[in-house]
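Reader: I would like to learn how to read a sheet and the elements around it, taking one feature at a time. Could you show me the model and then take me through it?

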Amino acid sequence: MIDFLVMAQTSIHDLYRRWIDDVWNGSPEAVKDLVGDDFVGHWPDQDVHGPTELAERIGRTQAMFTDLRFELQVGPFVEENLVAGRWTGRGRTSDGEMSFFGNDILLVRDGRFVEYWVASSAGS
């Protein structure tokens, strides 16, 4: 039983690292491999439903910056089917370099993310 839990946690850790590396630092289209069709993402200003809306939201975020890069700062922490992490983002806009930070909580079902809560703020 313990071996199964360790394997499940490792798998969820890897899934979250792909969330940062493959999706946010890579291609929004990578969400199709990581999220379920019933995915719901909760941003402070709106909810996003399904992989297509999520990819569009991420694409709009990436389009606002050049040299956009996210780095995991804390975690990921796994508890049963939830994973949480803290990240920083840095990118360049026409106004200069911008940094921001945030916290993610994601719910995993059947090896895919199905719900997402994010809180982020501008940094210095």
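Author: Let us begin with a single pair of residues, bearing in mind that this is a predicted model. Arg-109 stands opposite Arg-112 in strand 6, and the two strands concerned, strand 5 (residues 96-109) and strand 6 (residues 112-122), pair in the antiparallel sense over ten bridges.

Reader: Which residue takes a positive phi in the hairpin of strand 5 and strand 6?

Author: In that hairpin, which has two residues between the strands, Asp-110 takes a positive phi near 55°. Elsewhere along the pairing, Leu-106 stands opposite Tyr-116 in strand 6, and Phe-100 has Ala-122 of strand 6 as its bridge partner.

Reader: What is the general idea behind such pairing, and how many bridges join strand 4 to strand 5?

Author: Strands of a sheet pair through backbone hydrogen bonds, and the pairing is either parallel or antiparallel. Here strand 4 and strand 5 run antiparallel and are joined by twelve bridges, with a hairpin of two residues leading from strand 4 to strand 5. One of the pairs is formed by Arg-92 and its bridge partner in strand 5, Glu-97.

Reader: In which sense, parallel or antiparallel, do strand 1 and strand 6 pair?

Author: Strand 1 and strand 6 pair in the parallel sense, over four bridges. To follow this pairing in the model, look at Val-35, whose bridge partner in strand 6 is Phe-113, and at His-42, whose bridge partner in strand 6 is Trp-117. Strand 1 and strand 2, by contrast, run antiparallel and are joined by four bridges; a hairpin of two residues connects them, and Trp-43 has Gln-46 of strand 2 as its bridge partner.

Reader: What order do the six strands take when the pairings are put together?

Author: They form an open sheet with the order 2-1-6-5-4-3 and mixed pairing. Strand 2 (46-49) and strand 3 (66-79) are the edge strands, each of which pairs on one side only. From one strand to the next, the twist averages 20°.

Reader: Which strands does helix 3 touch as it packs on the sheet?

Author: Helix 3 (residues 50-63) touches strand 1 (35-43), strand 2 and strand 3, and its direction makes about 125° with that of strand 2.

Reader: Which residues of the largest nonpolar core touch the most other members?

Author: This core has 29 residues, and those that touch the most other members are Tyr-16, Trp-19, Trp-24, Val-35, Leu-54, Phe-113 and Tyr-116. Among the elements that give two or more residues to the core are helix 1 (2-24), helix 2 (31-34), strand 1, helix 3 and strand 4 (82-93). Helix 1 supplies the largest share, seven residues.

Reader: Which backbone oxygen does the side chain of Gln-62 reach at 3.0 Å?

Author: That oxygen belongs to Trp-24, while the backbone oxygen of Gly-26 lies 3.3 Å from a polar atom of the Gln-62 side chain. Apart from neighbours within four places in sequence, Gln-62 is in contact with Val-23, Trp-24, Gly-26, Pro-28 and Leu-68.

Definitions and conventions:
Residues numbered from 1 in each chain as written. Predicted model: local features only at pLDDT ≥ 70, side-chain atom pairs only at ≥ 80, totals over all residues. Heavy atoms only, no water. Pairing = 2+ DSSP bridges. Axes fitted to C-alpha atoms, helices over the stretch in contact; angles between N-to-C directions. Contact = heavy atoms within 4.5 Å. Polar contact = N/O pair within 3.5 Å; in protein donor to acceptor, adjacent residues only side chain to side chain. Core = buried A, V, L, I, M, F, W, Y, C linked by side-chain atoms within 4.5 Å. Buried < 20%, exposed > 50% of the residue type's maximum accessible area, 1.4 Å probe, protein only.
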